[in-house]
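Please keep the sequence and the structure in view while reading.

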Amino acid sequence: MSNYDVIIVGGGHAGCEAAAAAANMGSKTLLITMNLQTIGQMSCNPAMGGIAKGQIVREIDALGGLSGIISDKTTIQFRMLNKSKGPAMWSPRAQNDRWRFAEEWRLALEAIPNLDFYQDMCTGLIVESGKINGVKTSLGLSFYANSVVLTNGTFLNGVIHIGENQFGGGRAGERASKGITEELVGLGFTSGRMKTGTPPRLDGRSLDYSKFEEQKGDESAYGFSYLDIQGTLKQRSCWIAYTSPEVHKILESGFDKSPMFSGAIQGTGPRYCPSIEDKIVRFKERDRHQLFIEPEGEDTVEVYLNGFSTSLPQEIQVAALKRIPGFENAKLFRPGYAIEYDYFPPTQLKLSLETKLIEGLFFAGQINGTTGYEEAACQGLIAGINAHNLSVGVPEFVLKRDEAYIGVLIDDLITKGTEEPYRMFTSRAEYRLLLRQDNADFRLTEMGYGLGLVRSDRYDSFKNKKENADRLLKLCSTLSIKPDDINGYLDSIQQSPIDQSVKLEKLVLRPGFILETAINYLKNNELYKYSYEIFSYVETEIKYRGYIAREKESALKSRKLEGLKIPLSFNYESVSGLSAEGESKLSKIRPETVGQASRISGVSPSDLSVLLIYMGR
């Protein structure tokens, strides 16, 4: 069959970003998926972003990925979460039209000239002398490539559970993928099992919305992409409902048939997105749990019941639902279910997401033990970039922990591994003020342009934005404000008046001072030239300047250790003075830098000192 530079296996969020990245960078790319009709499908909730996840989507967009653009085109509600907290915690989130989201992904991928598609199940790999050469399919075909990215999602030996019923599948209505796990294990990889779940889908016409709390989107939508993407879909509200002790009692009556408690499910489930039965057991002191009724699209009547993931028998699901106020006449479109699938502990990867065992083979998404569209998409982007780079002999592209949440996620996976589905949180990042959602383009767009993923027109727009931000920062530091021009505004925000002229940046430091609002009081035409986005960025940079400088200094110290490379073939047994645990962990994970070694659990400061001395440092 045909020869390619890069082959992507799987058409989920990781596969879509990987295929787009490799093809847009110039590689002749093939996307193989079991069903071309489900490319870019939102398998679980119809939403993008959220706490820390929204930052990741903005980072993908800043680098030239497509998830933010696709989301903005199909948004039916947008909210900026955590606005009551500091800007390091602000996180964008959107509800999306599930059908149109997948459609936009398909159209975007088909518009890339270098990208081919083929519908078939990948059942094996072509490996020669420790290097990937291609893949084999269920129809007996072979496709050859310099690099291969596996993004198999929940399909590897997937098993769906609904009560005592079990059947093979990678998603409702779709078959599981067979053969890959067994071949990888035969090549020396270690695999494990994980579990995730999804809630029932309901007929929205059967619900009584007068009994729910309405949750509207933000009046002024922001969006993920730094491009000016104008969505055309109607805005929709979400709704909030609550369980009760009576609902919990009905759910508990089915625990004897629950695959979670019967032992039928062996895989580890997500700690931070537990099933409703898991919540009842873990949080016995709570007499109710919050549920979110989320529309599946602009026009469809189908709704998603966020917070009610379950694998209990269908009759138990229905009986419990009908006891929730507003759900008395609820009709099911499909029941909730759990799914078990194979994954490969990510400590077997390099920071580029290339496997350590097989040259040219990359893993991205849930195959690495993560959960969530956003976590999968960013891995796909990085794997696609590096699959292309390897194919053309260009050095790998790796983001550091102080450069992006993407860098934090990948470093966590490779360095610490995961035994439960990994989900990104702001608390995982030690440089949160540097990694805000509003400055992702300042951090990453230059890199995206260097990679060839950011077009020149977009790059020119970014440079203009950066010049405006620098100009406004300088203006704030030089512009003197007279008392008569600002005291009216200071009084409105309950701040003490000034009695002499002061620099504008000094006023910005005051609590409650909003630069965009204050300009209405100031007699300076220069200030009217800037957008809300520029005002917000500059205000944050000024208010948190000291903290930002401190984080940059800390990151700079850490980077010195990141610059000390360790060969993957390094023999830790030859280093006398390492603790037994330190030697074991270092030999297993094989960190690429001393900085990465310092973050491995079980590697002590004395182990690092010994290692540095041994390396002549």
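Val 185 lies in helix α5, residues 180–186; helices here are DSSP runs of H or I with at least four residues, numbered from the N terminus, and strands are runs of E with at least two. The model is predicted, so local features need pLDDT of at least 70 and side-chain atom pairs count only at pLDDT 80 or more, while totals for chains, interfaces and linings use all residues. Residues are numbered from 1 along each chain as its sequence is written, and side-chain values use heavy atoms, with hydrogens and water left out.

Val 185 has a relative accessible area of 38% and is partly exposed, a class that lies between buried (under 20% relative accessible area) and exposed (over 50%), with a 1.4 Å probe and protein chains only. Not counting residues up to four places away in sequence, Val 185 touches Ser 191 and Phe 344, where contact means heavy atoms within 4.5 Å. Val 185 and Phe 344 are 159 residues apart in sequence, and their C-alpha atoms are 9.5 Å apart in space.

Leaving out residues up to four places away in sequence, Val 281 touches Phe 255 and Phe 261.

Two packed helices are described by the angle between their axes and the distance between the axes. Axes are lines fitted to C-alpha atoms, for helices over the stretch in contact, and angles run from 0 to 180 degrees between N-to-C directions.

Helix α1 (residues 13–24) packs on helix α10 (residues 373–392) at about 30 degrees, with the axes 7 Å apart. The two are therefore roughly parallel; angles under 35 degrees count as roughly parallel, over 145 as roughly antiparallel, 65 to 115 as roughly perpendicular and the rest as oblique. From α1 the contact takes in His 13, Ala 14, Glu 17, Ala 18, Ala 21 and Ala 22, and from α10 it includes Tyr 373, Gly 380, Gly 384 and His 388. By class, this contact of α1 with α10 has nine nonpolar, four polar and one charged residues. Ala, Val, Leu, Ile, Met, Phe, Trp, Tyr, Cys and Pro count as nonpolar, Asp, Glu, Lys and Arg as charged, and the others, Gly among them, as polar.

Helices α6 (residues 245–252) and α9 (residues 314–321) cross at roughly 170 degrees, and their axes come within 9 Å. That makes α6 roughly antiparallel to α9. Val 247, Ile 250 and Leu 251 of α6 meet Ile 316, Ala 319 and Ala 320 of α9. The residues of this contact of α6 with α9 are six nonpolar, no polar and no charged.

The last topic is the nonpolar cores. The largest nonpolar core has 95 residues, of which Ile 7, Leu 150, Leu 361 and Ile 406 touch the most other members; a nonpolar core is a set of buried Ala, Val, Leu, Ile, Met, Phe, Trp, Tyr and Cys residues joined through side-chain atoms within 4.5 Å. Helix α10 gives the most to this core, with nine residues. Leaving aside neighbours within four places in sequence, Leu 150 is in contact with residues including Val 9, Leu 125, Ile 180, Leu 361 and Phe 363. A second, separate core of 30 residues includes Leu 504, Leu 507, Leu 515 and Tyr 530.
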